[in-house]
Amino acid sequence: MRFVISKPQIHSLLYYSRLFTFYELILSTCSSEHGGVTWLLALIVFWLGKIMSYDHLPLYMVRNTTSLTEARLRFGGSALAAFFTFCGACSVCNFAIAGHYKNEKDGTKVFLNLILLGMVGYDSKLVCVDQWRLVKNIDNFNNSSENGNGVNPNELSDVSTIIEKGQGNEREHTGLGLDGKKFAKRGYLSKLGAFLLALLTTTTGLGNIIFASNANKFSPSGEFFDIGTNQEGMVGRLKHRRMHIHCEGPVTDAPIIMYEHGLKGSSLDFSLVMWETMKESRSCSYDRAGYGWSDRGPLPRTSEQSMRETETLFKLATKYIFQTESRGDKQLLLVGHSMAGFQMRIFQNRNPSWVSGIIFCDAVNPDYVDAIGYGNRFKKSPFNVFGSLFLTPSGIMYILTDLMPGMISGAAGMPSDAPENEMWPDIRRRYSYIVSQSKWWEVGSEEWIAWPENGKRTNECGDLGKLPIYVFAAEISTAFNDVEIPLSLRELSTNCLGFEVVPGAKHGFIFDAAFTERLAKAVFLMAGIEV
């Protein structure tokens, strides 16, 4: 029994598929969920539309001798897309089975990758069959011409002429009712569309391979702790969330040094400085929810919410951080960059007995965030949406950062190279892996939108009294356009032990090996460590 789908059914299927993809796109954009699901759905819909409408046939116009070459190139592109889709689907499945499975969206991606594989595989089969039929019928047509039964060359308008003259009733094998003139009008656009679809499907599969490979290669140092979740604001997110923290060095009489990264940062931000300070005192760095190796958290992503999660993490990780069953009277020296100016002050306000001092590294001043009209800038960035919905899920970001890990140095403020530090090549490649993920773009937007609210909450904390602080400001402060903005934080405490303007430095100077010595000295001074 032959299964037949009527044209109205096909059109209805395509209509509802596109409608569902559009709905997913809106949902993904509004709720900042993973763009990978939307991207896979879009690819599936386009492949489905191409298969059902047979858009590959314009490649087989026999107007010139390049027709066979175009057909073979089309088959090569489709076969290549099928191969990388197969390898990518296997990589995604292995990624889930190997214990990296986190939530229902990862399972959805596995399922959608398998559907995409079926679509591309079926299309490559169609191309292969039609290419073979075209070659066979051209040969038959040529034989007919040699026997005097050929046709006028002007009749070679499309493949249907070849099929009719060479094989008789070949157009019935696909049931397409070929119309050469109709296809000729959109031939070039169809070729371009077919090329882009095959290319983007190939990069998607290759990106999945690179991601799964790097996920195993760049396993993080440190420990994971399940902090549970707050159901408020949850939109298809984890019911149980893990946060990552990395600590090194001996516990001494000095406070534990805790590094806090800024917007779109990670636990790797202070790697070069931590490498120096952990020799003298226990030093820790962690990933806020959604960054680095930590799972995403509930919305909205305010600094208040982040610090509630951080408190839970520190309490669960007490033994790992302090190397004892309880914290006792041990304190933390907070060192933070940029947006961490919000987090550190809010954490200190909520947990004053935990904090021995704060070091601000070109940190944000909430007085200027609250300025009239300034908050209007804090909207979802089109570039972040583009990165989340296209660059990352299409695999392009994975491929670029894998081939050229130094390309992120400008965006993240990282120097292109630090040959004097043996850790740098590994740090840079790990950072490339982190920023290639959709969640890096999405969480960055979520935190950025919350800045006005963060500024108000931070100002409610008031001054720091006599708490020891140290302030660094970048001379070329690209984030604030005025060196006095971060430098003015020295007025928060009556016990400011020092402030410095780092000559020639930009906002991301914490990545610069030249700054390591400056910050390390400030840390040792604040911690009371003599070196």
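This is a predicted model: local features need pLDDT of at least 70, side-chain atom pairs count only at pLDDT 80 or more; totals for chains, interfaces and linings use all residues.
Local features need pLDDT of at least 70 and side-chain atom pairs count only at pLDDT 80 or more, while totals for chains, interfaces and linings use all residues. Residues are numbered from 1 along each chain as its sequence is written, and side-chain values use heavy atoms, with hydrogens and water left out.

**Exercise 1. Aromatic pairs**

Task: Determine how many aromatic pairs there are, and classify the pair formed by Phe342 and Trp451.

Solution: Begin with the rule, by which rings of Phe, Tyr and Trp (its six-membered ring) pair if their centres lie within 6.5 Å, with planes under 30 degrees apart counted as stacked, over 60 as edge-to-face and the rest as tilted. The count by this rule is 18 aromatic pairs. For Phe342 and Trp451, the centres are 5.3 Å apart and the planes make an angle of 85 degrees, which is the edge-to-face class.

**Exercise 2. A second pair and a charge over a ring**

Task: Classify the pair of Tyr470 and Phe472, and state over which ring the charged end of Arg490 sits.

Solution: The rings of Tyr470 and Phe472 are 5.1 Å apart from centre to centre with 35 degrees between their planes, and the pair is tilted. Tyr470 and Phe472 are both buried. For the second part, a charge sits over a ring if NZ of Lys or CZ of Arg is within 6 Å of the ring centre and within 35 degrees of the ring normal. The charged end of Arg490 sits over Phe499, at 4.6 Å from the ring centre, and Arg282 likewise lies over the face of Tyr320, at 5.5 Å from the centre of that ring.

**Exercise 3. The disulfide**

Task: Find which cysteines form a disulfide, and derive its handedness from the torsion about the S-S bond.

Solution: A disulfide is taken as a pair of cysteine sulfur atoms within 2.5 Å, and the count by this rule is one. The partners are Cys247 and Cys284, with sulfur atoms 2.1 Å apart. Because the torsion about their S-S bond is about 115 degrees, the disulfide is right-handed. Cys247 lies in strand β2 (residues 242–248) and Cys284 in strand β4 (residues 283–286), so the pair ties together parts that are 37 residues apart in sequence. Both Cys247 and Cys284 are buried.

**Exercise 4. Backbone exceptions**

Task: State which peptide bond is cis, and decide whether Asp362 is buried or exposed.

Solution: As background, most residues other than glycine have a negative phi, and most peptide bonds are trans. The bond from Leu299 to Pro300 is cis, with omega near -5 degrees, and Pro300 is placed in the loop between β4 and α9 (303–316). Asp362 has a positive phi, near 45 degrees, and lies in the loop between β6 (355–361) and α12 (366–369). With a relative accessible area of 0%, Asp362 is buried. Gln323, although not a glycine, also has a positive phi, of about 60 degrees, but Gln323 is partly exposed, at a relative accessible area of 48%.

Terms used: Buried means under 20% relative accessible area, exposed over 50%, partly exposed in between (1.4 Å probe, protein chains only). Helices (H or I, at least four residues) and strands (E, at least two) are DSSP runs, numbered from the N terminus.
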